[in-house]
Amino acid sequence: MSLRSAHTCGYVLSAPTGMKNSKILPPATHSAPTCAISAIRQAKAVEIALSGDWVLDAQLPPLEPVLAQIETNAIKKIIFSTTALGRWDSMLVTELIKLIDYASQKGVAVDKASLPASIQGLLTLVSAVPERVDAHRDQAQTSWSQALVVSTGKAVQHSKEMLIFVGEMIISTFATLRGQAHFRRQDLWLYIQECGPSALPIVTLISLLVGLILAFVGAVQLSLFGAQIYIANLVSLGMTREMGGLMTAIIMSGRTGAAYAAQIGTMHVNSEIDALKTMNLDPMAFLVLPRMLALIIIMPLLCLYADLMGIIGGGFVTVNFFDVSLTEYLDRTASAVKMKDFIIGFVKCSVFGILIALSGCMRGMQCGRSASAVGDAGTSAVVTAIVFIVVADSVMTIICNRLGI
Amino acid sequence: MAEACITVKDLTMTYGDFVIQHDLNFTINRGDVFIIMGGNGCGKTTLLRHMIGLKAPAKGDVCYGEQGLWQADPKARQQILARTGVLFQSGALLSSMTLAENVALPITEATLLPPKKVREIVSYKLALVGLAGFEDYYPSELSGGMQKRAGLARAMALDPEILFFDEPSAGLDPITAKLLDDLILSLSSALSATIVVVTHDLDSIFAIGNNSVFLDAETRTNIDGGPPQKLLHESKHPNVIRFLNRGDQTEQNSSNRQMRSPA
């Protein structure tokens, strides 16, 4: 470090009468490249001498004294002396551009012919196409009120897009039912396989643990009254009516909803969706409907599976830690859960399936045409799906409560 | 007098408020190999999207014969477009399906042929583009040139009267590009189809085109048109001359060009 700073060269202003510039040659022993600039006043002109290695890792001499020299004296012309110039790269060219811009502002002519031919070539290229004044992105600060207006506008736009998507979907569904649009049967089977059996391991794990957690949470309170037996009621009702469906839906929105958004988004980027349109295939019917159908079919089944897993998880805790026999637990569960509880769970889960497929496919279809847009589509598919799921679940729970079922 | 196949009438194309091209007027005759040329970003591909029904015009229309594509109701539009095939720039094969499934897709959609017959047609189309035996490959397993040829097989699946190509030579090496050009030419004569090519590849323009339109990026309209060879020598528009001479305006260059493309 000290070695480097020791060799740093700076601005050298020679005597105004000097005919030969003082050359600052890099010492032979040092490793860090050095460079220097000096200005020599001549009659109505200034000779700027460049010396040393003007490379990116060199320490740059300050330009201001040279600029000051140009400004303070009645100078009409700048000429360059480059006899001592060593290696150079963008470091030198950017400094020269600054210098030349400054000179042209002050109305001082610059004799570019005195520069090496290759630098002249680069400078010509740089100035060949004038800078587009309006091309720089507007980075003006917006006030919070403006930001509010903009984001409200965006929210309105988003809801509009959502409505349009749902509308198109409904039209396509009817067209498919009437036989005017189709999707491939084998696609449906593929999607069912993708979102059904392949999701079992994670659904198993999560549901077992949720059942286990429910049992523990309930047990802490219920054992205060010696009512551990009611853990069975809590777990079985909790799983069938709420948690089984909700957890499955959240797993599936992360697993399948994001996948749908990415698949369709990538197809959009590759203009595969345009290609479908030119082949007279409705992308809604061809891509969205089979995915949605697959989820509607699979979700209740997964939900049933999750319910059972949850009850097993809860049973494990109850039997092992809270002095309830397995027979008692199963008996209690059987008497607590009615068919209607399962049905409520199924209905909820089908609705969640529709919502997951809807948000996944919608974000995919709205995807922009870049790699990062596909990523955004995946993210926003999951976020949208989870918001929809939780809102829908609350609404349905309230309705069930009001109806007394 | 050749029969008009596609007539573009007063077509104005916009993205939002931004006008890309305005008041385009030209006619594509039956049997033409018609080139839509122009510099980057002048709206060639956008024009193509208007012609194949993917983007609605701000003004004007694209007429197939007497029928306006955008005035027609959706059903009639589908019938018009059923007579066309499109090869997209990237091929746009559905990546989740094999080549055979890709080519079969438009056939099974439009007809009720038995699967065996569909398979026969698919093999024939793939053989036409030199991909016999690649039926069960996925698009990602093929090179860029092969993907384009497979896309061409799909575009030709229903023996369309009009074939559209979006930058067929983009991203291909000169030899592969030349082979694709030759393929386009031989298909044009064998199928007696009308071919519309969006390109800025000069070699392709002179090798295959017998009629063209030039979209100018400055004035934002079609300033000239006609057989490319004739344009090269007789165009009165400096932009057209410069484009066809690769930015050069010397006689030397244009005579070189002539020698390279005797067609």
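View 1. Nine residues of domain 1 of chain B are in contact with eight residues of domain 2 of chain B; two residues are in contact if their C-beta atoms, placed from the backbone, lie within 7 Å. This is a predicted model, in which local features need pLDDT of at least 70 and side-chain atom pairs count only at pLDDT 80 or more, while totals for chains, interfaces and linings use all residues. Residues are numbered from 1 along each chain as its sequence is written, and chains are lettered from A and ligands numbered from 1 in the order in which they are written. Helix α6 (residues 174-191) of chain B gives three residues, the largest share of the side of domain 1 of chain B that touches domain 2 of chain B. Helices (H or I, at least four residues) and strands (E, at least two) are DSSP runs, numbered from the N terminus. That side of domain 1 of chain B has seven nonpolar, two polar and no charged residues. Here Ala, Val, Leu, Ile, Met, Phe, Trp, Tyr, Cys and Pro count as nonpolar, Asp, Glu, Lys and Arg as charged, and the others, Gly among them, as polar. Domain 1 of chain B covers 4-83 + 160-260 and domain 2 covers 91-158, with bounds from an automatic or database domain assignment. The C-alpha centres of these two domains of chain B lie 26 Å apart.

**View 2. Chain B meets chain A.** The contact takes 15 residues from chain B and 10 residues from chain A. On the side of chain B that touches chain A, α2 (74-81) and α3 (99-110) of chain B are the elements that give two or more residues. The largest share, four residues, comes from α3(B). By class, this side of chain B has 11 nonpolar, three polar and one charged residues.

**View 3. Helix α5 of chain B sits among other elements.** Helix α5 (residues 144-155) of chain B has 12 residues and reaches 16 Å from its first C-alpha to its last. This is close to the expected 16 Å, the expected span being 1.5 Å times one less than the number of residues. Which elements do the buried residues of α5(B) pack against? They pack against β6 (84-87), α3, α4 (115-128), β7 (162-166) and α6 of chain B. A residue is buried if 20 or more other C-beta atoms lie within 10 Å of its own, exposed if 12 or fewer, and partly exposed in between, with C-beta atoms placed from the backbone. Nine of the 12 residues of α5(B) are buried, so this helix is largely enclosed by the rest of the structure. Among them are Gln147(B), Leu152(B) and Ala155(B).

**View 4. Four strands of chain B form an open sheet.** The order is β2-β1-β4-β5 (chain B), and the pairing is antiparallel. Two strands pair if DSSP finds at least two bridges between them. The edge strands, β2 (18-29) and β5 (67-68) of chain B, each pair on one side only. Strand β1 (residues 4-15) and strand β4 (residues 59-64) of chain B pair over five bridges. Thr12(B) has Lys59(B) in β4(B) as its bridge partner.

View 5. Is Asp10(B) buried or exposed? Asp10(B) is exposed, with 12 other C-beta atoms within 10 Å. Glu167(B) is buried, with 21 other C-beta atoms within 10 Å.
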